[in-house]
Amino acid sequence: MSNQNESQTKATESALTHTRRDFLRKGAIAGSGLMILPSGTLFGQNTPNNRLNVALIGAGGRGRAHIPTLKDENVVAICDVDQIKMQTATKAFPSAKVYQDWRECLDHDGLDAILCTATDFSHAFIANWALARDLHIYMEKPLAITVNEARTVRESYLPKRDKLATQVGMQRHANPNFNRLREMVQDGVIGDLKEAYAWGDRQIPKPGYLPDAGAAPETLNWDLWLGPSPFHPYNPGYIAERAGCLEWNMYWDFGIGQMGDMGSHTMDLAWNVIDAELPTSIESETDEEFNPDVTPVKLQSSFIFPANDWRDKIRVSWFQGGAMPKSPSNWIDLNTIGHGVMFKGTKGFIVADFGSRLIIPFGDTADLTYFKPRKEEELLPELGNFQKQWTTACKNGRPSETACNFKYSADMIETMCLGLVAYRAGGKLEYDGATGKITNNADANQYLTKEYREGWSMEG
Ligand SMILES: NC(=O)c1ccc[n+]([C@@H]2O[C@H](COP(=O)([O-])OP(=O)(O)OC[C@H]3O[C@@H](n4cnc5c(N)ncnc54)[C@H](O)[C@@H]3O)[C@@H](O)[C@H]2O)c1
């Protein structure tokens, strides 16, 4: 056997061992019945009907999509800074206590869990405070908007991973294609994995922060909407639904643009395959001029990840707003896929979107004889309803088995945020994931965090 074949066989064996482990792990949660945990209390997850006492934080907009899941639990509190936007939820759960300030809501008596769909710039704060109160958390994507926020939440979560169920709202993860891509790449359909690419074409250009538009309506608490963010005068253009979806997330103080928006969903397609933690080096480029108010529309970021037990060192790249990877063939126009991924291996490519995939073996002689498709019974089990996976994990004694828990999701969003650090700092950055420091450019470390308003802290 040639060295190449030998290492190929080893890689395939290790991939199979890995995916078998994976199957057992994911199968365990899918196949399990709920178990009522030993009860110390008479409310929430330990009540005879096994319903969680949940607070819905951020009740309008995306929050409304979670009402069907929450109908199976006890929604005991609803928190929103906008009295109008919260009305669908307050009608759905008329006995819930209403809050405007999430800091007060988190101390609601007898709470088991929170489901949060507030703005991105409050996510890491709310997550960290909720972890400190031992609450299960479903947090909309992205989990954080800076490297330090992601690291803080992960650090708080890891010691509690065996008691708290967490899930970040990357619900497309439940699409069967996520499993199929993981199986095919790890089982070797394109040989040894060398590179992964993810891209999204959404563009929400903004010139800069909006002018003062006078007082906010009485039904909106603008001060609490701003929360930890530096002060900006009220302008209705920031508020989604009045202006459009996620209007605020292009501004540095309020979000991370497409990195946190469609980037959360689309990079997840690659992240679910590659079993990576944190990158060792990062580079970003764009031909767009830097805007101190607004995150870039067009950007390309590349991350190098060390080898793991089934693959070599790889490069993973994210492209947004018009930047695109090179197509593997001149008869495939990647631009027709708005949000997609591509994996490059030693024997071919896979191109995919959220619901389909295309295997492209290299060259005329590529015959796929090296690849054995799985039998039906060996396929990774379906995840089922994504939100339900979380409520189930809150109750079944295996809380860390949610697909997008705070370890998986914090690593991914820390990586994406590092792309923006490289964009701001310029040049190639070397990153030490153990300490969370850029090691070759001291100046770049300032971009690992951001400015917060006085009186707001992630510790609470
Ligand atoms: N998973 C998905 O597919 C998906 C889709 C859309 C949005 N999202 C995410 O959901 C979140 C909300 O997005 P949206 O478009 O609904 O935004 P939005 O601006 O409409 O906000 C949602 C709700 O949260 C409320 N809110 C804002 N700040 C709050 C605070 N500090 N405390 C309590 N309530 C607050 C708003 O008043 C509103 O009712 C974002 O994080 C976004 O990324 C996810």
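What you're looking at is a predicted model, where local features need pLDDT of at least 70, side-chain atom pairs count only at pLDDT 80 or more, and totals for chains, interfaces and linings use all residues. Residues are numbered from 1 along each chain as its sequence is written.

The protein chain has 11 helices and 15 strands (DSSP runs numbered from the N terminus, H or I of at least four residues for helices, E of at least two for strands).

Now find the open sheet of nine strands, with mixed pairing and the order E13-E12-E11-E7-E10-E9-E8-E14-E15; strands pair if DSSP finds at least two bridges between them. Strands E13 (357-361) and E15 (437-438) each have a single partner strand, so one side of each lacks a neighbour in the sheet. Further in, E11 (residues 339-345) and E12 (residues 348-352) pair in the antiparallel sense over four bridges, with Lys344 opposite Phe349 in E12.

Helix H9 (residues 262-274) packs on this sheet, touching E7, E9 (299-305), E10 (314-320), E11 and E12; contact means C-beta atoms, placed from the backbone, within 7 Å. The direction of H9 makes about 165° with that of E7 (axes are lines fitted to C-alpha atoms, for helices over the stretch in contact, with angles from 0 to 180 degrees between N-to-C directions).

Finally, the ligand: of the 30 residues around it, Gly58, Gly60, Gly61, Arg62 and Lys85 come nearest (a residue is near if its C-beta atom, placed from the backbone, lies within 6 Å).

How values were computed
Two residues are in contact if their C-beta atoms, placed from the backbone, lie within 7 Å.
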